[in-house]
Amino acid sequence: MTSTTENSTAPAIVAKQPARINWVKAAPWLFTLGLFLFWELLVRGLGTPVTILPAPSRIFQAVVQYWSPLLKNSAQTLFTTTLGFGLAVVGGLAIGLFIGWSKTIYAGLYPIMIGFNAIPKVAVVPILVIWFGIGTIPAVITAFLISFFPIVVNVATGLATIEPETEDVLRALGAKKLDIMLKVGIPRSMPYFFGSLKIAITLAFVGSVLSETVASNYGLGNMMASAQSQFNVPLVFAGLLALAVEGIAMYSLMAWIERRMTGWAHRSTMAN
């Protein structure tokens, strides 16, 4: 009698996991689509005239109809905003380091900075027009003036709020003022600095469009002002939509840079 051993292995049955929707990533798209849908239904239901509030479908129609001037003026606004923001990053970082270097300097210059920031920038634009004429330069300077203050404040605050105990320990170990700033102060202020970039870039767009509205022949601000004078309200909203897209894109870029440069400063409490 021969015993045969069957060495058959049954194929492993792997249950296919249902695809899960990442609701966190999908939420911005869903909320945006929901907003546009609600807007469309509200305008159609109330019969609102297009010269008062156009429906999103009419706005997207204007985007297609005026895509060429929208693209050209959007590029101009993005250029002036980026240039002004770049100057604000360099100038704000330098001034913030200078103000935060000493508590005496901080106490002396901080009120001046607050007073300067309290001046409405729309009141400064006519002065810039007198100095530089109508064009790109006033828009760049306005974007710089309105966006560098958050950078200065955050960098100076990061330097000026070093714990006294930390300074005492470092001085006891023989560290000088420059050593404390280079090895503790500046690294400590970097999360403040990169966090402020997200605020500054949105303010830079405000400054550019503000100046383009009254002191430029190009840019989204000028285009929307011209469309407003012609009662072309869909084109005005199309310009606002272009600004929103550019602002979100630049904000996302600054947030990505912040995560890359200061990921070590974000604790696990933000994980959930």
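The exercises below, each with a worked solution, concern a predicted model of one chain.

**Exercise 1.** Find which element of the chain has the lowest mean pLDDT and which the highest.

*Solution.* Begin with the chain as a whole, whose mean pLDDT is 83, with 85% of its residues reaching 70 or more. Then turn to the elements, among which helix α7 (residues 164-172) has the lowest mean pLDDT, 69, while helix α2 (residues 56-65) has the highest, 92.

**Exercise 2.** Determine how helices α3 and α10 are oriented to each other, and which residues make their contact.

*Solution.* First take the geometry: helix α3 (residues 67-101) packs against helix α10 (residues 233-262) at an angle of about 40 degrees, and their axes are 11 Å apart. Angles under 35 degrees count as roughly parallel and those from 65 to 115 as roughly perpendicular, and therefore α3 and α10 are oblique to each other. Their crossing is right-handed. Next list the residues: α3 contributes L70, S74, A75, T77, L78, T82 and F85, whereas α10 contributes L235, A238, G239, A242, L243, E246, M250 and M254. Sorted by kind, the residues of this contact are ten nonpolar, four polar and one charged.

**Exercise 3.** Locate K198 and identify the residue whose side chain it joins in a polar contact.

*Solution.* Start from helix α8 (residues 177-215), which holds K198. Leaving aside neighbours within four places in sequence, K198 is in contact with Y251, M254, A255 and E258. Of these, E258 is joined to K198 through their side chains by a polar contact of 2.9 Å.

How values were computed:
Residues are numbered from 1 along each chain as its sequence is written. This is a predicted model: local features need pLDDT of at least 70, side-chain atom pairs count only at pLDDT 80 or more; totals for chains, interfaces and linings use all residues. Side-chain values use heavy atoms; hydrogens and water are left out. pLDDT is the predictor's confidence in each residue, from 0 to 100. Helices (H or I, at least four residues) and strands (E, at least two) are DSSP runs, numbered from the N terminus. Axes are lines fitted to C-alpha atoms, for helices over the stretch in contact, and angles run from 0 to 180 degrees between N-to-C directions. Angles under 35 degrees count as roughly parallel, over 145 as roughly antiparallel, 65 to 115 as roughly perpendicular and the rest as oblique. A crossing is left-handed if the near helix is turned anticlockwise from the far one by less than a right angle, and right-handed if clockwise. Contact means heavy atoms within 4.5 Å. Ala, Val, Leu, Ile, Met, Phe, Trp, Tyr, Cys and Pro count as nonpolar, Asp, Glu, Lys and Arg as charged, and the others, Gly among them, as polar. A polar contact is a pair of N or O atoms within 3.5 Å; within protein, one must be able to donate a hydrogen and the other to accept it, and residues adjacent in sequence count only if both atoms are side-chain atoms.
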